[in-house]
Amino acid sequence: MKFHTTGYWTSISINLFFLNSIKLFIFITTFFVFNTLTISSRMKKILYIVLILIAIPLIAALFVKKSYSVEKSVVIDKPKAEVFDYIKYVKNQDKFSVWNQLDPHMRKSYTGTDGTVGFVYAWDSDSTNAGSGEQEIKSIEDGKRVDFELRFLEPFESTEQAYFSTEAVADSTTEVKWGFNGHMNYPMNIMMFFMNFEDMIGGDLQTGLDNLKAEMEKD
């Protein structure tokens with residue numbers, strides 16, 4: 001597998017762009033207020049135009065949704081018990097998750113017992129593509145579902161929810177679903193007007209599921 005910038009981290013980069021735009025808006029507004037008597041009429045017009053251009057997306061963001069949900073699935077030719085026993089261990093994601101393979105040199109640490117509620121998998125990378133954060137197992141419904149909390153720390157703080165679920169299609173065939181529930185606070189949610197997060201992140205999830213299928217069926 002090639003290491004590449006995934007949909008989620010692309011969204012984070014654009015998120016930072018909008019954050020910097022807001023900072024610019026505040027700076028220009030402050031500059032305008034404190035220098036309104038000394039700057040020329042031509043400069044005032046330019047500042048007005050810049051402020052309007054920045055204000056438009058801030059206003060538009062008031063009417064854009066702030067959350068999204070993505071779910072992808074794959075059918076694996078293995079019994080449900082075997083599949084579930086594999087995906088409940090967070091460390092196994094290193095073998096199939098696109099996100100876990102963004103940086104082969106990332107530092108990883110673990111707290112608790114893998115495959116049980118409360119286990120925390122933390123990562124830290126010098127690469128902005130991977131950043132740093134941690135994933136915690138929040139709940140396990142044995143043989144059916146595992147819920148995780150993803151806490152991204154760098155390059156941008158965000159807490160999202162994800163899950164795996166399994167369902168038997170036949171005695172030796174299992175459908176695995178991988179879901180991700182994300183959100184963007186105002187005004188960063190304006191990104192959702194321009195970008196389809198369901199497709200971007202869904203692509204990462206589907207690639208990971210396809211890798212999972214290949215990993216489990218290779219024997």
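## The largest cavity

In this predicted model, the largest cavity holds about 190 Å³ of space. The count of cavities of 30 Å³ or more comes to one. Eighteen residues line the largest cavity, and the closest to its centre are Trp 99, Asn 100, Trp 123, Gln 135 and Leu 150. Two or more lining residues come from each of β3 (120-124), β5 (145-154), β6 and β7 (173-183). The most is given by β5, which contributes three residues to the lining.

By class, 14 of the lining residues of the largest cavity are nonpolar and four are polar, while no charged residues occur among them. Rolling a probe the size of a water molecule over the atoms shows where empty space is left.

## Overall architecture

The chain contains five helices and seven strands. Read from the N terminus, its elements follow the order α-α-β-α-β-β-β-β-β-β-α-α. The chain has 219 residues, of which 43% count as buried. Among the contacts in the chain with a separation of 6 or more, 58% are accounted for by residues 24 or more positions apart.

Strands β3 and β4 (residues 132-141) run antiparallel and are joined by five bridges. Within this pairing, Tyr 121 has Gln 135 of β4 as its bridge partner. Gln 135 is also one of the residues closest to the centre of the largest cavity. Strand β4 is in turn joined to β5 by nine bridges, again with an antiparallel course.

On to the next strand, β5 and β6 run antiparallel and are joined by eight bridges. A hairpin connects β5 to β6 through three residues. In this pairing, Arg 145 stands opposite Ser 165 in β6. In a regular strand the side chains alternate between the two faces of the sheet.

Strand β5 is mostly covered, with seven of its ten residues buried. Glu 154 lies in this strand, yet Glu 154 counts as partly exposed because its relative accessibility is 45%, which falls between the limits of 20% for buried and 50% for exposed. Glu 154 and Asp 124 are 30 residues apart in sequence, and their C-alpha atoms are 8.7 Å apart in space.

Ser 165 is found in strand β6 (residues 158-170). Is this serine buried or exposed? Ser 165 has a relative accessible area of 16% and is therefore buried, given that the class requires a value under 20%. Leaving aside residues up to four places away in sequence, Ser 165 touches Lys 144, Arg 145, Glu 175, Val 176 and Lys 177.

## The nonpolar core

The largest nonpolar core comprises 32 residues, and those with the most contacts inside it are Ile 87, Val 176, Phe 180 and Leu 212. Two or more residues of this core come from each of β1 (67-76), α3 (80-87), β3, β5, β6, β7 and α5 (197-217). The largest share, five residues, is supplied by α5.

Ile 87 shows how some of these parts meet. Not counting residues up to four places away in sequence, Ile 87 touches Phe 148, Phe 164, Thr 166, Val 176 and Leu 212. Of these partners, Val 176 and Leu 212 are themselves among the residues with the most contacts inside the core.

Technical notes
Residues numbered from 1 in each chain as written. Predicted model: local features only at pLDDT ≥ 70, side-chain atom pairs only at ≥ 80, totals over all residues. Heavy atoms only, no water. Helix = DSSP H or I, 4+ residues; strand = E, 2+ residues; numbered from the N terminus. Buried < 20%, exposed > 50% of the residue type's maximum accessible area, 1.4 Å probe, protein only. Contact = heavy atoms within 4.5 Å. 1 Å grid on protein atoms, 1.4 Å probe; cavity = no way out; pocket = protein on both sides within 12 Å on 5 of 7 lines; lining within 4 Å. Points joined across faces, edges and corners; volume = space filled by probe spheres on them. Nonpolar A, V, L, I, M, F, W, Y, C, P; charged D, E, K, R; others polar. Pairing = 2+ DSSP bridges. Core = buried A, V, L, I, M, F, W, Y, C linked by side-chain atoms within 4.5 Å.
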